[in-house]
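Here are some questions about helices, pockets and a cavity. Try each one before you read its answer.

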Amino acid sequence: MKATETPPVVTVTEPAPVSKAPAQDEKKKSGEGKVLNVFSHGVLIIWAILVVMPLLWAVMTSFKTDDSILSTPWALPDKLHFENWSRAWGQAHMSEYFLNTIVVVGGSLIGTLLLGSMAAYVLARFDFPGNRFVYYLFIGGMSFPIILALVPLFFVMNNMGLLNTTHGLILVYIAYSLPFTVFFLTAFFRTLPGSVAEAAMIDGASHTRTFFQVMLPMAKPGLISVGIFNFLGQWNQYMLPTVLNSDPDHRVLSQGLVELANSQGYKGDWSGLFAGLVMAMLPVLAAYIVFQRQVVAGLTAGAVK
């Protein structure tokens with residue numbers, strides 16, 4: 001008898017099922033990202049409309065007559081009434097207020113950036129007893145409300161003979177802006193490479209020359225950023241000049257606009273008032289538009305080490 005041979009058993013392995021979870025997760029994440037992107041863009045568009053529309057309406061209103069402002073406030077002007085601007089510039093003395101503001105803000109801005117950058121450089125680069133104490137004093141100055149210092153500041157300025165003077169207002173603006181300037185520039189100077197300053201010192205440069213010729217040019221983005229912020233705050237300052245500068249010959253733009261609104265009484269020269277308002281806004285808008293890239297570069301450079 002022949003032995004019967006058993007045929008070999010062939011086992012067929014089925015391929016492992018492909019997991020669809022990662023693909024589904026990616027689709028889910030991409031869907032959530034699109035929804036978030038649409039939502040963020042919608043919020044930005046609404047915010048832009050809320051900011052731009054009042055500016056455009058103020059510019060449009062400055063070229064209209066008083067009757068058209070009151071009767072059809074949202075309509076376009078029938079023609080451009082440039083006499084509103086000339087009346088505000090000449091009769092309302094906006095030219096004098098504009099010049100006083102340029103002198104005060106220009107002098108205070110130069111002094112703030114110079115003194116603030118020097119103090120910030122020392123606090124960021126040199127270790128000495130009391131370094132952190134001085135730094136936290138500047139930080140404390142940011143949290144101190146200026147309204148609490150108005151009464152003692154008034155008497156101090158009066159005793160020093162600086163009340164109702166341009167240079168006295170410049171000094172107050174510098175003191176008011178220094179805490180934020182030192183805080184901002186200290187963090188910025190810490191991000192700059194110290195090897196450059198060390199190389200300059202090895203080459204024989206003094207601390208003063210190293211600061212003004214090496215480190216200060218490297219801190220240009222930070223200076224522009226903090227300069228724009230100080231310019232905005234000082235240009236629109238109203239409380240300090242109202243308390244410390246009551247002389248009509250030394251009034252700044254913010255005081256001039258209030259005087260223009262009050263001097264009309266019940267008559268209401270709305271067209272001239274809006275023309276003066278646009279005059280006060282134009283330098284701020286121009287400065288921010290021109291230095292927009294430098295402001296963003298300074299903020300990002302000071303935040304990334």
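Q: Which helix gives the most to the lining of the second largest pocket?
A: This is a predicted model, where local features need pLDDT of at least 70, side-chain atom pairs count only at pLDDT 80 or more, and totals for chains, interfaces and linings use all residues. Residues are numbered from 1 along each chain as its sequence is written, and side-chain values use heavy atoms, with hydrogens and water left out. Helices here are DSSP runs (H or I, at least four residues), numbered from the N terminus. Two of them, α1 (21–61) and α13, each supply at least two lining residues, and the top giver, with 5 residues, is α1.

Q: What is the volume of the second largest pocket?
A: A pocket is an open set of points on a 1 Å grid over the protein atoms alone, with protein on both sides within 12 Å along at least five of seven lines; lining residues have an atom within 4 Å of a point. Grid points are joined across faces, edges and corners, and a volume is the space filled by probe spheres set on the points. For this pocket, lined by residues including Trp47 and Tyr288, that volume is about 210 Å³.

Q: How many residues of the lining of the largest pocket are nonpolar?
A: Ala, Val, Leu, Ile, Met, Phe, Trp, Tyr, Cys and Pro count as nonpolar, Asp, Glu, Lys and Arg as charged, and the others, Gly among them, as polar. The lining has 21 residues. None is charged and 5 are polar, so by these classes the nonpolar count is 16.

Q: Which helix supplies the largest share of the lining of the largest pocket?
A: The pocket holds about 480 Å³ of space. α5 (131–143), α6 (150–159), α7 (166–191) and α10 each supply at least two lining residues. The largest share, 7 residues, comes from α7.

Q: Are α10 and α13 roughly parallel or roughly antiparallel to each other?
A: Axes are lines fitted to C-alpha atoms, for helices over the stretch in contact, and angles run from 0 to 180 degrees between N-to-C directions. α10 (220–235) and α13 (270–290) pack at about 175 degrees. Angles under 35 degrees count as roughly parallel, over 145 as roughly antiparallel, 65 to 115 as roughly perpendicular and the rest as oblique. The two helices are therefore roughly antiparallel.

Q: Which helix gives the most to the lining of the largest cavity?
A: A cavity is a set of points where a 1.4 Å probe fits but cannot get out. The largest has a volume of about 30 Å³. With 3 lining residues, the top giver is α4.
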